[in-house]
Each structure stands twice: as structure tokens, then as C-alpha cells.
Amino acid sequence: MEGRDESMLISGGMNYLVPVLLRQFNDFEIDQERITKILILHAHFDHVGIIPYFKRSRPDIEVYASAPAWERLGMPEAIETINVFSNNALERMGMVEACSAYDLTWRNDISGVIVSEGECIDLGEIALQIFETPGHSSCSISAYIPKLKALFPSDGGGVPYKQTIITSGNSDYTQFQQSLEKLKDLEVDYLCADHYGYVTGDEARNFIAQAIELAHGHRKKMEHLYLRTKDVNITAKKMVNSIYAAHPDYFLSPDVLEGIYRQMVRHIARCMGTSANP
């Protein structure tokens, strides 16, 4: 995002994207020296991968994130998880050699600025408004640029996937739905997602409303299945099977998706006031 005075990278992507990003800077004639800020929208490994390289190669860059994100990024077990998952992605994408010249490992030497609900980050004639939108993760935030009517909700706004939206209320499905409600009245011409790019026009204007509707239906399906099975694992497996029946090439592996569903179903069972079998 280019302002009059400085530029900001929004979201931190996968670590193997560093050489791709550097090439794009050259291809699009983007002045790296103007990039003085990076905004982390949440602290999952696939959204913070470029941060170590940029922060260490440019110590003057300010990295912004929510307080829960910085807390997570300071935990040794969270750092280890980020590095394990990131290294697995490097190998899976065949990018180990291409990235060998870059320091991509998260360590405890990275810190930054805490942003919270209602704060603005001014780049000069362009300002980003911050919304706290937990639910996908406890540390999720969204950024909105009124001048451009551009919304950056990360996965907290749902993931555009083919002809649908994945309603990814991973950590707390109720908070995820509440966060969508918070965003629904914003005027949006550009919905900029962290996965699969951006949507514009009527699709962007209707995106959050559609995500709200789909999230409601998704929750009802999980509730219905759990009432029938009274078992978190069985419900999670059935949900994963239904996802893969509709989308055989779904972007998450079955084991990862099943773990996410166990978390969501366990939360929903608590909300229903029933005891969840592990």
C-alpha cells in the first residue's frame, strides 16, 4: 500500500515467497526504500513467513500486529510450530535451494508495534483503520482503507475459494461470526484476501454478507451432526468428508482440516450446553 510519505506491506505471507516478492518489486518498479511498515493480520505461520527476512535485512521497518499476536510470537512453542510448518512448506513447494540465501527462521529477536481497535496507521493521504476481528484466531485483526474502500480481513473475513467462501472460525466460531457482523456495514469495492487474491465490484460489496450467511449455515450443519453423533471426532470426520466430496482438490490436507474441525465442533458443543466427547 503506497501512501504519499511511505509504503506498507499488508500481511506476511509464506516464507518461500521472499524471492518471489523481491522479483515482483523489480518487475513492478516498487521502491523498497519506501517500505517502512509491515502489518501482520494474524500470527499463523502462513501469514508471517516473510517477516524475519525483512525485519533483519531492514531493521528500520516497523512491524505492526495485535497484542495477542505479539504474545503468541514470543512463545517458544509457537515459534517452533511456525518454523516446522514453514520448513515443511518450503520442501513441499521445492523452494529450499531457492530460499537458502535468506534468513527465514523465526527467533525471539523480532518485536514491533501493538495496534488495536480503532487505531489508524497514516501513510500520507492513505490511512488504514484497524478492527479487532478474532475468531479465525484470537489475534486476528482487519484493516480498512476508507479512501479506497478496500478491506483486508485476512482469514477472519472468510477465504474466497472457487465459487464459495470458506468460513474459517478456527479458534472461536462465535467470535468469528461476531467479527463478520462488525465488518458488514463497511463500504467495500476491493476485498483483499490473504489467500487467492482479491475480489472487486459487486462480489466485493456482497462478500461479507455472503460470508455471514454461509457461516450461519455451516454452524447449523455442525450442530446438527454433533447432536446426532455426540462425538467431536466423528463429527469432524464427517465434516471433512463432506468438504472433500464437494472439493476433492481442497487446499488443506485432510489431517490438518480434521484438526481444525475438532476445534470448531468442540466450541460449538460447549455453546450448545452439551458435553463434548474428545
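Which residue caps the N-terminal end of H8? In this predicted model, the cap is Asp 231, with a side-chain oxygen 2.9 Å from the backbone nitrogen of Asn 233.

Helix H8 itself covers residues 232–246. With 15 residues at 1.5 Å a residue, H8 should span 21 Å, and this agrees with the separation of its end C-alpha atoms, which is 21 Å. The buried residues of H8 are Val 232, Thr 235, Ala 236, Met 239, Val 240, Ile 243 and Tyr 244. Viewed down the axis of H8, these buried residues fall within an arc of 165°, so they line one face of the helix. An α-helix has 3.6 residues a turn, and therefore residues three or four places apart point the same way. Asn 241 and Ala 245, on the other side of H8, are exposed. The buried residues of H8 are covered by elements including helix H7 (207–229) and helix H9 (254–271).

The model also contains an open sheet of six strands, arranged in the order S5-S6-S7-S8-S11-S12 with mixed pairing. Strand S5 (120–122) and strand S12 (198–200) form the edges, each pairing on one side only. On average, neighbouring strands of the sheet are turned by 20° against each other, direction ignored. Strands of a sheet pair through backbone hydrogen bonds, in either a parallel or an antiparallel sense. Strand S6 (residues 127–132) and strand S7 (residues 141–145) are paired in the antiparallel sense, over four bridges. Within this pairing, Phe 131 has Ser 142 in S7 as its bridge partner. Helix H5 (residues 173–183) lies across S6, S7 and strand S8 (150–152), and runs at about 145° to S6.

Note on methods
Residues are numbered from 1 along each chain as its sequence is written. This is a predicted model: local features need pLDDT of at least 70, side-chain atom pairs count only at pLDDT 80 or more; totals for chains, interfaces and linings use all residues. Side-chain values use heavy atoms; hydrogens and water are left out. Two strands pair if DSSP finds at least two bridges between them. Helices (H or I, at least four residues) and strands (E, at least two) are DSSP runs, numbered from the N terminus. Axes are lines fitted to C-alpha atoms, for helices over the stretch in contact, and angles run from 0 to 180 degrees between N-to-C directions. Contact means heavy atoms within 4.5 Å. The expected span of a helix is 1.5 Å times one less than its number of residues. Buried means under 20% relative accessible area, exposed over 50%, partly exposed in between (1.4 Å probe, protein chains only). The arc is that of the directions from the helix axis to the C-beta atoms. A polar contact is a pair of N or O atoms within 3.5 Å; within protein, one must be able to donate a hydrogen and the other to accept it, and residues adjacent in sequence count only if both atoms are side-chain atoms.
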